[in-house]
Amino acid sequence: MNDRTNNEAGSIVIGEGVTVSGKFIVPGRAVINGSMDGELQADELLVGAQGKIVGNVKVRKADVFGEMHDTLLASEHLIIRSTGRVNGNASYGEIEIERGGLVQGAVLPAKAAMSTPPVVAPVISKPVEPPVLGGKSQA
C-alpha cells in the first residue's frame, strides 16, 4: 500500500474511538482505526492496529493490522500483519501473512471462491434392472 495522505478525494478515515455502522462505498482508500459494522466496498483498505470491522468487505487490496470478522474479499492482494486477525471467510488474489498474524475460518483464492459451484442435491432414481439375455436374468 502506498503511503498517502488521509485527505484524498474519494477516501474515508474512521478514527480511533469512532464507531460507525452501515453500507459504505468508497472509490478510493478506506482507513479504519475505529470500529465499523456493516458492508464496505473500496479500492484499498487499511485496518489499523486498533481497527475492527464486522461485516462483508470487498476490496482490491487489504492491509490488516487490526481485526476483521465475517467475509473479506481482497481480489488482488491481502496482507495480514503480525498484529492482524481475520475471523471468517477470506478470499484473495495473493496473500501474505506475517509471523503472528492469525486467520481463523475458510481461506480461498478469489478465483476459487467466485467459481465454487452451488451444492446440488443428488438425484435418486429407480435401480436399473439387469438386461435379460436368452430368457434368463443376469443377476
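A salt bridge is a side-chain nitrogen of Lys or Arg within 4 Å of a carboxyl oxygen of Asp or Glu, and in this predicted model the side chains of Glu-44 and Arg-29 meet in such a bridge, at 3.8 Å from N to O. The legends below begin with the whole protein and then turn to single sites.

**Overview. The predicted protein has 1 helix and 10 strands.** Read along the sequence, these elements follow the pattern β-β-β-β-β-β-β-β-α-β-β. The protein has 139 residues, of which 31% are buried, and its accessible surface comes to about 8,700 Å², with 53% of that area belonging to carbon and sulfur atoms. Among the contacts with a separation of 6 or more, 6% are accounted for by residues 24 or more positions apart.

**View 1. Glu-44 and Arg-29 form one of the 7 salt bridges that the structure holds.** The pair links distant parts of the chain, since Glu-44 belongs to strand 3 and Arg-29 to strand 2, 15 residues apart.

View 2. At 26% relative accessibility, Arg-60 counts as partly exposed. Its side chain makes a polar contact with the side chain of Asp-43 at 2.6 Å, and another with the side chain of Glu-44 at 3.5 Å. Leaving out residues up to four places away in sequence, Arg-60 touches Ala-42, Asp-43 and Glu-44, and also Ala-74, Ser-75, Glu-76 and His-77. One of these residues, Ala-42, is 18 residues from Arg-60 in sequence, and the two C-alpha atoms are 7.2 Å apart in space.

**View 3. Arg-81 forms salt bridges with Asp-63 and with Glu-98.** The side chains of Arg-81 and Asp-63 meet at 2.7 Å, N to O. Arg-81 lies in the loop between strand 5 and strand 6, whereas Asp-63 lies in strand 4, so this pair ties together parts that are 18 residues apart in sequence. Asp-63 is buried, with a relative accessible area of 4%. In the salt bridge between Glu-98 and Arg-81, the closest N and O atoms are 3.0 Å apart. Glu-98 lies in the loop between strand 6 and strand 7, which covers residues 102-104, so its pairing with Arg-81 ties together parts 17 residues apart in sequence. Glu-98 counts as partly exposed, at 33% relative accessibility.

**View 4. The largest nonpolar core has 24 residues.** Those with the most contacts inside this core are Leu-40, Leu-45, Ile-53, Val-57, Val-59, Met-68 and Leu-78. At least two residues of the core come from each of strand 2 (19-32), strand 3 (35-47), strand 4 (52-64), strand 5 (67-80) and strand 6 (85-97). Which residues is Met-68 in contact with, leaving aside its neighbours within four places in sequence? Met-68 is in contact with Leu-45, Val-47, Ile-53 and Val-57, and also with Arg-85, Val-86 and Asn-87.

**View 5. Strand 6 pairs with strand 5, strand 7 and strand 8.** Strand 5 and strand 6 pair in the parallel sense over 12 bridges, and in this pairing Asp-70 stands opposite Gly-88 of strand 6. Strand 6 and strand 7 also run parallel and are joined by 3 bridges, with Val-86 opposite Val-103 in strand 7. Strand 8, residues 107-109, pairs with strand 6 in the parallel sense over 3 bridges, and here Tyr-92 stands opposite Pro-109.

**View 6. Asp-70, found in strand 5, has a positive phi.** Most residues other than glycine have a negative phi. At Asp-70, by contrast, phi is near 105 degrees, a positive value in a residue other than glycine. Asp-70 is partly exposed, with a relative accessible area of 42%, and stands opposite Gly-88 in strand 6.

Notes
Residues numbered from 1 in each chain as written. Predicted model: local features only at pLDDT ≥ 70, side-chain atom pairs only at ≥ 80, totals over all residues. Heavy atoms only, no water. Core = buried A, V, L, I, M, F, W, Y, C linked by side-chain atoms within 4.5 Å. Buried < 20%, exposed > 50% of the residue type's maximum accessible area, 1.4 Å probe, protein only. Helix = DSSP H or I, 4+ residues; strand = E, 2+ residues; numbered from the N terminus. Contact = heavy atoms within 4.5 Å. Areas by Shrake-Rupley, 256 points an atom, 1.4 Å probe, with all protein chains shown as cover. Polar contact = N/O pair within 3.5 Å; in protein donor to acceptor, adjacent residues only side chain to side chain. Pairing = 2+ DSSP bridges.
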